Amino acid sequence: MKLKGKVLLSIIGISAICLIANPIKSQAALQANGNPGKADTINNWLINIRKMESTGGTLGLAGEVGSNLDTTGTPNNLDIHMQKNTEYGAMAILSASAYGKQGKVADGESTTGNKSGIYINLNKEWVAAGHSTLEIANFKNAVGKYKNVYESSYVAKIGDAVSETAGWHGSGASQWFKGRFPHLAGLVRAYSGSIFSYYGEHNETFTSGSITHYDASYVKSWRSRAVVVIGSGY
């Protein structure tokens, strides 16, 4: 065998030993590709995103999701859940910081203006947030770490990018959880053409026996996002 071939085999052998002795540990996160994606109700998003980490789910991990949306059985050191309002807000604020695009994020653009950012599809994106009496099963039963709970009188939560970002890049907002039945109000972000817009209104108008559901109604289907937290103690 020629010397060149022996050297190449030696390099491959050493590399294989190194990988076995000290395997590479990857802490990766998921990034949406910017496509429009699927639309669904807030109730379905809450459970279906959680199931991505369960047995037979998208990530192919072992585990089960309980009725309170928490993981049961052996921990898999991964937490994937529907984005909360505070998580969406943190993303939006970073887009306007020195680490982001700083200018207005247009439909289909990323929060950094390049491929390293998070792609935004305007308008209407569900977050795991709602009125304290929101009666849909998965929101009502979910443990606190999977939702943001608000009252009719808004009280800011750190990072939610609601009151402190009012009007940023032309953002608009509905009245906070306005509605005939406020317990049916969820929260929609990326509304009215701006990443900072939100819509928290649900109302029911009875006209000749028909019911009109406004955009933050729990029965409406909008897009959402999965947030992945990696490591123990999440």
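In this predicted model, strand β6 spans residues 186-189 and is joined to β7 by two bridges, the two strands running antiparallel. Within this pairing, Arg-189 stands opposite Tyr-198 of β7.

These two strands belong to an open sheet of four strands, arranged in the order β5-β4-β6-β7 with mixed pairing. In general, the strands of a sheet pair through backbone hydrogen bonds, in either a parallel or an antiparallel manner. A helix accompanies the sheet: α3, formed by residues 85-95, lies across β4 (125-131), β5 and β6, and runs at about 130° to β4.

The aromatic side chains may be considered next. Over the whole structure, a search finds eight aromatic pairs. One of them is formed by Tyr-150 and Trp-176, whose rings are 5.0 Å apart, centre to centre, with 75° between the planes, an edge-to-face arrangement. Tyr-150 lies in strand β5, whereas Trp-176 lies in the loop between β5 and β6, so this pair ties together parts that are 26 residues apart in sequence.

Are the two partners buried or exposed? Tyr-150 has a relative accessible area of 1% and Trp-176 one of 13%; because buried means under 20%, Tyr-150 counts as buried, and Trp-176 does as well. Trp-176 also forms an edge-to-face pair with Phe-177, at 4.7 Å centre to centre and with 80° between the planes. Phe-177 is likewise buried, with a relative accessible area of 3%.

Which residues make up the aromatic cluster that includes these rings? Tyr-150, Tyr-154, Trp-176, Phe-177 and Tyr-198 form one cluster. Among its members, Tyr-198 is the β7 residue that stands opposite Arg-189, while Tyr-150 belongs to strand β5.

Lys-157 lies over the face of Tyr-150, at 5.1 Å from the ring centre. Elsewhere, the charged end of Lys-147 sits over the ring of Phe-139, 5.2 Å from the centre of that ring. Tyr-150 thus takes part in a pair with Trp-176, belongs to the aromatic cluster, and has Lys-157 over its face.

How values were computed. Residues are numbered from 1 along each chain as its sequence is written. This is a predicted model: local features need pLDDT of at least 70, side-chain atom pairs count only at pLDDT 80 or more; totals for chains, interfaces and linings use all residues. Side-chain values use heavy atoms; hydrogens and water are left out. Two strands pair if DSSP finds at least two bridges between them. Contact means heavy atoms within 4.5 Å. Axes are lines fitted to C-alpha atoms, for helices over the stretch in contact, and angles run from 0 to 180 degrees between N-to-C directions. Rings of Phe, Tyr and Trp (its six-membered ring) pair if their centres lie within 6.5 Å; planes under 30 degrees apart count as stacked, over 60 as edge-to-face and the rest as tilted. Buried means under 20% relative accessible area, exposed over 50%, partly exposed in between (1.4 Å probe, protein chains only). A charge sits over a ring if NZ of Lys or CZ of Arg is within 6 Å of the ring centre and within 35 degrees of the ring normal.
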